[in-house]
Amino acid sequence: MLSSSLLKKWRNMLKNESVFHVNQAEGKYYSVTKLKGYYNDLSEKVLYTTKIDECGIPYNIAALGKRQRKVYFAISIFQYGLGAYDLFLEHKDKVYLQKMLLMADWAINNQNEDGSWNTFGVLCYHCPFSSMAQGEGASLLARAYTETKNDLFRIACIKAIDFMLKSVIDGGTTLVTPDGIVLMEYPEKDIVLNGWIFSAFGLLDCWKITGEEKYRKAWNSTLNVIKKSIKRFDTGHWSYYDESGKYASPFYHGLHIELLCALNKLSPDVVFEKYIRKWKKYKDNKFWSTVAFLVKAKQKVCEKQSKEWIIVS
């Protein structure tokens with residue numbers, strides 16, 4: 001039987017009424033060549049997050065059946081920091097800069113020696129790592145380094161990306177294919193489009209602060225695979241969340257469009273332009289938007305209940 005907390009999370013997700021699904025438009029302050037704002041606007045993550053501990057670190061509530069517990073989820077913390085940085089750039093208020101640096105300090109203090117973060121481990125997943133955490137953590141640390149010139153942030157950023165680029169076969173988060181590399185939000189599950197792109201942003205930021213050729217090559221490699229693979233995320237009237245055939249919720253469909261808009265500015269390509277146009281057209285079509293909503297809702301209701309902990313708030 002589905003728990004009430006899980007049903008509430010799904011309802012809020014489908015209706016875009018969740019701190020996990022706040023408005024996330026294309027970033028307003030990023031630069032193609034320099035390290036400035038983030039590529040996706042995460043500022044509302046800061047404005048609408050209410051669960052903050054006495055040290056100023058955001059936390060989440062995870063559920064398994066009727067049981068609930070407090071967890072520190074790396075992706076939530078990194079996104080909070082990146083959102084705070086954009087708010088600092090917008091308002092010139094150092095309170096937001098301090099919030100960002102506090103999250104960057106957390107990233108360093110909780111980073112494993114090999115550069116990884118125990119992301120899904122707090123939810124008792126078999127594989128604790130995620131390319132999305134590695135990429136977003138690296139993006140946060142790169143910006144902290146830019147602001148402070150504290151080399152600890154730069155070193156931690158590099159370690160995060162070096163771990164991310166380890167093959168899944170070797171315990172990392174990169175799937176090596178004949179076309180190039182895929183960055184795996186869930187290394188033991190299906191490829192997730194938004195997680196892949198967020199991961200790639202971290203790779204780009206590491207290249208920006210180091211200038212090292214290996215990171216440029218890795219960035220171009222994963223972009224090449226995204227371009228070749230994106231058609232597999234197109235239903236013909238909506239986008240898929242992942243390669244298993246799960247429909248994107250209205251939130252994630254919109255997020256896909258915004259992420260592609262950023263990619264197309266960072267590395268312009270007719271493939272990105274094509275799917276931006278197609279997916280915007282799907283989004284603006286009331287019939288297909290309704291169909292997608294109903295299909296997603298049915299998939300959620302019929303989804304086998306996980307034996308792993310799930311973040312619900």
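At what angle do α7 and helix α8 (residues 213-229) pack, and how far apart are their axes? They pack at an angle of about 155°, with the axes 9 Å apart, where helices (H or I, at least four residues) and strands (E, at least two) are DSSP runs numbered from the N terminus, and where axes are lines fitted to C-alpha atoms, for helices over the stretch in contact, with angles running from 0 to 180 degrees between N-to-C directions.

Before I go on, a word on the model. This is a predicted model, in which local features need pLDDT of at least 70 and side-chain atom pairs count only at pLDDT 80 or more, while totals for chains, interfaces and linings use all residues. Residues are numbered from 1 along each chain as its sequence is written, and side-chain values use heavy atoms, with hydrogens and water left out.

Back to the helix pair. At that angle, α7 and α8 are therefore roughly antiparallel to each other; the convention is that angles under 35 degrees count as roughly parallel, over 145 as roughly antiparallel, 65 to 115 as roughly perpendicular and the rest as oblique. The crossing of α7 and α8 is left-handed, meaning that the near helix is turned anticlockwise from the far one by less than a right angle, clockwise being right-handed. On the α7 side, the residues that meet α8 are W196, I197, A200, F201, L203, L204, C206, W207 and T210, and their partners in α8 are Y215, R216, A218, W219, T222, V225, I226 and S229, with contact taken as heavy atoms within 4.5 Å. Sorted by class, this contact of α7 with α8 has 13 nonpolar, three polar and one charged residue, if Ala, Val, Leu, Ile, Met, Phe, Trp, Tyr, Cys and Pro count as nonpolar, Asp, Glu, Lys and Arg as charged, and the others, Gly among them, as polar.

Now to another partner of α7. Helix α7 (residues 193-210) and helix α9 (residues 250-266) pack at about 30°, with their axes 10 Å apart, and the two are therefore roughly parallel to each other. Their crossing is left-handed, and the contact is made by residues of α7 including L193, N194 and I197, together with residues of α9 including Y252, L255 and H256. No charged residues take part in the contact of α7 with α9, which has 12 nonpolar and two polar residues.

Helix α6 also packs on α7, at an angle of about 135° and with the axes 10 Å apart, so α6 and α7 are oblique to each other. This crossing, too, is left-handed. R154, C157, I158, I161 and M164 of α6 meet S199, G202, L203, C206, I209 and T210 of α7, and the classes here are seven nonpolar, three polar and one charged.

M164 counts as buried because its relative accessibility is 0%, buried being under 20% relative accessible area, exposed over 50% and partly exposed in between (1.4 Å probe, protein chains only). From M164 to Q134 there are 30 residues in sequence, yet 5.9 Å in space, C-alpha to C-alpha. T173, in the loop between α6 (151-164) and β3 (174-177), is likewise buried at 0% relative accessibility, and among its contacts are F129, S130, F163, M164 and P187.

Lastly, the backbone. Most residues other than glycine have a negative phi. Phi of C124, in contrast, is near 70°, a positive value, and C124 lies in the loop between α4 (94-109) and α5 (131-148), partly exposed with a relative accessible area of 48%. K149 also has a positive phi, near 60°; K149 sits in the loop between α5 and α6 and is exposed, with a relative accessible area of 58%.

Conventions: Lists of a residue's contacts leave out its neighbours within four places in sequence.
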